[in-house]
Structure formats: structure tokens, C-alpha cells
Amino acid sequence: MAFTLYSLLQAALLVVNAVAVLHEERFLRHVGWGSDQGIGGFGEEPGIKAQLMNLIRSVRTVMRVPLIAVNSITIVLLLLFG
């Protein structure tokens with residue numbers, strides 16, 4: 001398999017899909033990344049863990065509908081062009 005722009009975009013799509021399907025109660029809370037853990041106080045800078053949790057929550061919220069369309073287009077392209 002050659003390294004092309006399409007394969008790079010496909011790998012990025014797989015990563016976004018993986019982030020979108022992470023379930024907070026079933027998986028993230030068991031590894032210590034629940035929403036109630038490590039939020040911090042007022043005026044404090046959020047840590048890396050809190051920022052990553054915000055990123056995961058944002059991706060799940062914003063990318064839910066566009067991922068359906070992008071995944072469908074990717075599947076059709078793979079079926080047409082192999």
C-alpha cells in the first residue's frame with residue numbers, strides 16, 4: 001500500500017472514529033478519565049488530562065453527524081475504486 005494523501009486522510013478518519021466511540025462510563029471512567037475527575041478550581045489552568053477530556057467530549061458532540069456522512073463517502077469510494 002502506497003503512502004498517499006488519501007491513505008493519510010483515511011487514517012485521520014479512523015482516529016476521529018476511535019475518539020467518537022469512546023464511552024465515558026464504560027471505558028474512560030475505568031481508566032481514570034471520567035468527567036468528574038480532575039476538573040480543578042476556579043482560576044486554575046486546566047491540566048493536560050482535563051484538556052484531553054474536553055477534546056474527546058467536543059469531538060463526540062460536534063462530529064457525530066458529519067462522521068456519518070464522511071464514513072459513507074469513504075465506503076462508497078472504497079467500493080468504487082478498491
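Q: If buried means under 20% relative accessible area, exposed over 50% and partly exposed in between (1.4 Å probe, protein chains only), what percentage of the 82 residues in the protein is buried?

A: Buried residues account for 16% of the 82 in the protein. This is a predicted model, in which local features need pLDDT of at least 70 and side-chain atom pairs count only at pLDDT 80 or more, while totals for chains, interfaces and linings use all residues. Residues are numbered from 1 along each chain as its sequence is written, and side-chain values use heavy atoms, with hydrogens and water left out.

Q: OK, and what does the protein average in pLDDT?

A: The average pLDDT (the predictor's confidence in each residue, from 0 to 100) is 82 for the protein, and 87% of the residues score at least 70.

Q: Which elements have the lowest and highest mean pLDDT?

A: Helix H2, residues 24–28, has the lowest mean pLDDT among the elements of the protein, at 74, whereas H4 has the highest, at 92. Where pLDDT is low, the predicted coordinates should not be read in detail.

Q: How many helices and strands are there?

A: The protein has four helices and zero strands, where helices (H or I, at least four residues) and strands (E, at least two) are DSSP runs numbered from the N terminus. Read from the N terminus on, the order of elements is α-α-α-α.

Q: At what angle do H1 and H3 pack?

A: Helix H1, which covers residues 5–20, packs against helix H3, which covers residues 48–62, at an angle of about 100°, and their axes are 8 Å apart. The axes are lines fitted to C-alpha atoms, for helices over the stretch in contact, and angles run from 0 to 180 degrees between N-to-C directions.

Q: Which residues of H1 and H3 make the contact?

A: On the H1 side, the contact (heavy atoms within 4.5 Å) is made by Val16, Val19 and Ala20, and on the H3 side by Ile56, Val59 and Arg60.

Q: Switching to contacts in the whole protein: among those between residues at least 6 apart in sequence, what percentage joins residues at least 24 apart?

A: For the protein, 67% of the contacts between residues at least 6 apart in sequence join residues that are at least 24 apart.

Q: Now Thr74: buried or exposed?

A: Thr74 has its place in helix H4 and is buried, with a relative accessible area of 14%. Leaving aside residues up to four places away in sequence, Thr74 touches Tyr6, Gln10 and Leu13.

Q: And what does Leu77 touch, not counting residues up to four places away in sequence?

A: On that basis Leu77 touches Tyr6 and Gly82. Leu77 is found in helix H4, residues 64–81, and is partly exposed, its relative accessible area being 33%.

Q: What about Ile68, buried or exposed?

A: Ile68, also in helix H4, is exposed, with a relative accessible area of 55%. Although Ile68 and Asn17 are 51 residues apart in sequence, they lie 9.8 Å apart in space, C-alpha to C-alpha.
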